[in-house]
Amino acid sequence: IMIIIMILINEMRSESTRMKRNEQRALMIIAGSVLAFTASPLPAETTDSLMLEETIVRGNYLQSSEANALKTPTPILDVPQSLSIVTSEQILRRGFTSVSDIIEYLPGVSMSQGEGHRDAVVFRGVRSTADFFIDGVRDDVQYYRPLYNLEQLEVLRGPNALLFGRGGTGGILNRVTKKAEIGNSFSQLTGYADSFGAGGLQGDLNVGLTDSIAFRLNAMAEGLDNHRDHFDGERIGVNPTLRVSLSEATTLDLSYEYVDHERFIDRGIPTGTNGDPVERFDRVVFGDPDVNVTELEAHILMASLEHRFSDTMKGKVTAFYGDYDKLYQNFYAASYSEADSPDVVALDGYVDTTQRENLILSGNVIKEVWFANMSHRFLLGAEYVDTTSDQDRWNTYWSETSDDKETFFVSRPMGVVGGVGINASGVRTVNDFTVDQNDDTQVTIEVASFYLQDEMAITDYLDVVLGARFDQFEIDVFNVAADDSRSKRDEEVSPRLGLVLKPMENMSLYASYSESFLPRSGEQFANINGSKGQLDADTFANTELGFKWDISPALSFTAAVFEIEQESPQVADNDPATLDVIKSETDGFELQLEGQLTEAWYISAAYSYLDGEQMGRTGSTGLRPRELPENMFSVWNFVQFTPKLGAGLGLTYQDESFINNSNTARLPSYTRVDAALYYDWSDDVRVQLNLENVGDTVYFPSSHSTHQATVGAPFNARLAINMDF
């Protein structure tokens with residue numbers, strides 16, 4: 001394994017001139033850990049009882065028993081944390097085509113609008129556009145993530161810094177991709193079309209090339225459409241993977257993914273005098289059919305080497321490289337007064353580009369030992385991140401106002417095409433995206449991390465999880481427009497403590513405490529210019545109590561109550577030389593039931609209650625945080641009527657929530673009903689019809705700011721054919 005690690009170091013060094021000594025040090029830490037653990041083998045009499053589990057996670061209609069993101073083979077029942085897993089089979093049967101589709105049916109999380117060009121998840125009241133991972137590796141660029149190549153999708157709630165580092169303040173979302181399977185050959189093809197006009201194909205092909213090598217290819221092509229004017233787009237994804245069994249104990253996985261995505265940007269409609277979205281505008285798109293567009297091209301490469309040293313010890317090294325080229329430009333409703341000018345809206349906008357490269361080296365060793373009369377499962381890991389990110393933004397500049405805003409009469413369509421239109425004064429006005437530069441920054445980031453965790457079985461009924469992670473986060477920002485360079489280093493220790501009490505084999509009670517941090521450069525680290533950027537990181541602490549019960553081998557129930565505390569240093573108003581530490585809290589509880597009630601009836605139900613209050617320098621403000629619905633409920637039922645015929649029925653309910661922190665605009669509560677029919681034409685062909693928003697409800701599921709409320713889709717029928725070969 002030492003030889004293989006050194007080969008990987010040399011190969012990656014030859015591939016990238018940006019490799020530095022710290023990258024090699026990160027891998028050498030892992031290699032040193034391997035040697036240290038190998039030097040002290042277990043006594044022979046304890047190896048059988050402590051044998052590491054070898055688990056192959058496959059998609060199934062119920063759920064997976066383990067979360068890939070946890071890195072250790074720990075059953076979900078023994079994890080002191082709330083989490084949800086959605087398998088590939090569930091994604092296929094439910095007709096999910098986006099992350100937002102899945103999130104709507106999970107507790108404690110909801111979707112934010114993401115300005116119409118990215119996934120943005122609100123984890124327990126904390127909005128994030130960067131806490132996304134692929135096979136446990138950071139994937140922080142802002143885009144819509146595809147689902148075509150997923151084995152399962154995992155949502156871990158609460159701060160998760162020990163395993164993932166910075167961010168993860170309210171939770172993380174991890175996509176587990178499909179890997180080649182040795183000794184197996186199969187293929188699957190899925191085609192779909194919906195009543196909006198969208199359609200696509202996706203395929204999955206696995207070929208066992210030899211007894212020790214397998215190749216797998218997942219691919220998809222989609223034509224996008226929906227209920228909104230001007231909306232269209234296309235998306236292509238190709239993901240070949242190769243698995244090589246180098247020996248009975250060593251496996252190498254190689255993968256490459258190419259994503260090409262283009263779509264229209266729709267940022268919703270404004271709110272009126274009462275603070276609600278103006279329903280008479282629900283068919284108006286406040287954008288330009290030629291200007292509002294986002295484009296992404298991504299190349300993602302990953303190599304993972306796993307080696308089993310013994311029955312009680314294994315290690316894994318992963319190298320990840322991502323190259324992303326992103327553009328988005330748009331007009332949107334920036335201001336509106338229903339009382340003063342009910343038929344006039346002010347449009348604003350910008351064009352933004354990002355070119356980012358992420359090189360991530362990570363590795364961990366899992367070792368089970370017996371000492372102090374108890375068993376221990378140690379997780380020792382290290383990670384090195386090298387990121388370069390260049391981004392710029394140009395504001396709109398209208399010829400008649402010489403400003404970034406211009407007023408127009410509300411109409412369908414808006415009457416602005418190609419950046420040219422007639423303003424509310426009846427004068428022709430032209431936008432220019434090359435006059436008003438908002439920013440132009442060139443960022444480099446280096447992160448070195450080390451973590452250690454011990455899962456201790458104190459008795460047959462009590463487990464203790466104890467660990468900590470050290471992160472050194474260094475950022476250098478060159479502000480091209482200001483010809484100014486700034487640097488900042490954060491060093492943080494993130495602890496984790498969990499207690500798991502198992503009064504019965506199929507039941508557990510747990511208590512946990514964990515911390516996370518977010519540098520003041522933000523999750524997209526655009527800049528650290530000014531005094532605020534130089535402040536210490538925001539810190540987050542999570543306390544959680546929970547209950548898990550495997551009612552039967554096919555049915556599980558979980559419950560959790562939690563509190564997240566945020567501390568944010570701010571420059572004092574009356575004395576810039578001193579700091580105030582502003583605190584805020586979010587708390588709530590979650591319930592989740594999933595599995596087979598009978599052999600023919602599957603159910604997935606989730607409920608969450610969320611509460612919070614904004615805090616200022618003088619204490620409570622009496623205001624509720626934005627995007628924090630008090631109650632959320634969802635349920636999905638699937639019933640198999642005959643061996644060939646089945647049906648699904650579900651609903652989602654979301655309580656009202658505030659769009660802005662001033663609590664002057666809100667998203668009304670809503671209930672949406674979905675349904676499905678499934679017919680197995682043969683053993684290899686299944687036809688399914690997914691019906692979304694059966695009641696054709698008018699609703700507004702998410703927002704970005706006061707005058708950008710998303711208009712939910714009306715009734716939509718989606719017909720799909722799944723074929724196995």
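Me: What share of the accessible surface of the protein belongs to carbon and sulfur atoms?
Reply: The accessible surface comes to about 29,000 Å², with areas taken from the Shrake-Rupley method with a 1.4 Å probe, where for residues only the protein chains shown count as cover. This is a predicted model, in which local features need pLDDT of at least 70 and side-chain atom pairs count only at pLDDT 80 or more, while totals for chains, interfaces and linings use all residues. Residues are numbered from 1 along each chain as its sequence is written, and side-chain values use heavy atoms, with hydrogens and water left out. The share of the accessible surface that belongs to carbon and sulfur atoms is 55%.

Me: How many strands does the secondary structure of the protein have, and what percentage of its residues is buried?
Reply: Helices (H or I, at least four residues) and strands (E, at least two) are DSSP runs, numbered from the N terminus, and the protein has 6 helices along with 40 strands. A residue is buried under 20% relative accessible area, exposed over 50% and partly exposed in between, with a 1.4 Å probe and protein chains only. Of the 725 residues, the buried part is 54%.

Me: Which residues form a nonpolar patch on the surface with about 340 Å² of accessible area together?
Reply: Patches consist of residues with over 30% relative accessible area and no salt bridge, like charges being joined within 9 Å and nonpolar side chains (Val, Leu, Ile, Met, Phe, Trp, Tyr) within 5 Å. One member of this patch, Leu-466, is found in strand E23, residues 462-479, and is partly exposed because its relative accessible area is 46%. The patch is formed by Leu-466, Leu-497, Leu-499 and Tyr-513.

Me: Which residues touch the most other members of the largest nonpolar core?
Reply: A nonpolar core is a set of buried Ala, Val, Leu, Ile, Met, Phe, Trp, Tyr and Cys residues joined through side-chain atoms within 4.5 Å, and the largest one has 24 residues. Strand E15 (313-336) and strand E16 (344-371) each supply at least two residues of this core, and apart from it lies another core of 23 residues, including Val-86 and Tyr-678. The members of the largest core that touch the most others are Phe-281, Phe-286, Val-345, Leu-347 and Met-414.

Me: At what angle between the planes do Tyr-328 and Tyr-350 form an aromatic pair?
Reply: Rings of Phe, Tyr and Trp (its six-membered ring) pair if their centres lie within 6.5 Å, and planes under 30 degrees apart count as stacked, over 60 as edge-to-face and the rest as tilted. The structure holds 18 aromatic pairs; in the one formed by Tyr-328 and Tyr-350, which is edge-to-face, the rings are 5.8 Å apart centre to centre, and the angle between the planes is 80°.

Me: Which residue forms a salt bridge with Asp-204 in which the closest N and O atoms are 2.7 Å apart?
Reply: A salt bridge is a side-chain nitrogen of Lys or Arg within 4 Å of a carboxyl oxygen of Asp or Glu, and the structure holds 42 of them. The side chains of Lys-178 and Asp-204 meet in one at 3.5 Å, N to O; Lys-178 counts as buried at 10% relative accessibility, as does Asp-204 at 7%. Asp-204 in strand E10 is also paired with a residue in strand E11 (residues 213-224), so that parts 12 residues apart in sequence are tied together. The partner at 2.7 Å is Arg-216.

Me: Which residues does Ser-187 touch, not counting residues up to four places away in sequence?
Reply: Ser-187 lies in strand E9, residues 186-194, and is buried, with a relative accessible area of 18%. Contact means heavy atoms within 4.5 Å, and on that basis Ser-187 touches Asp-204, Leu-205, Met-723, Asp-724 and Phe-725.
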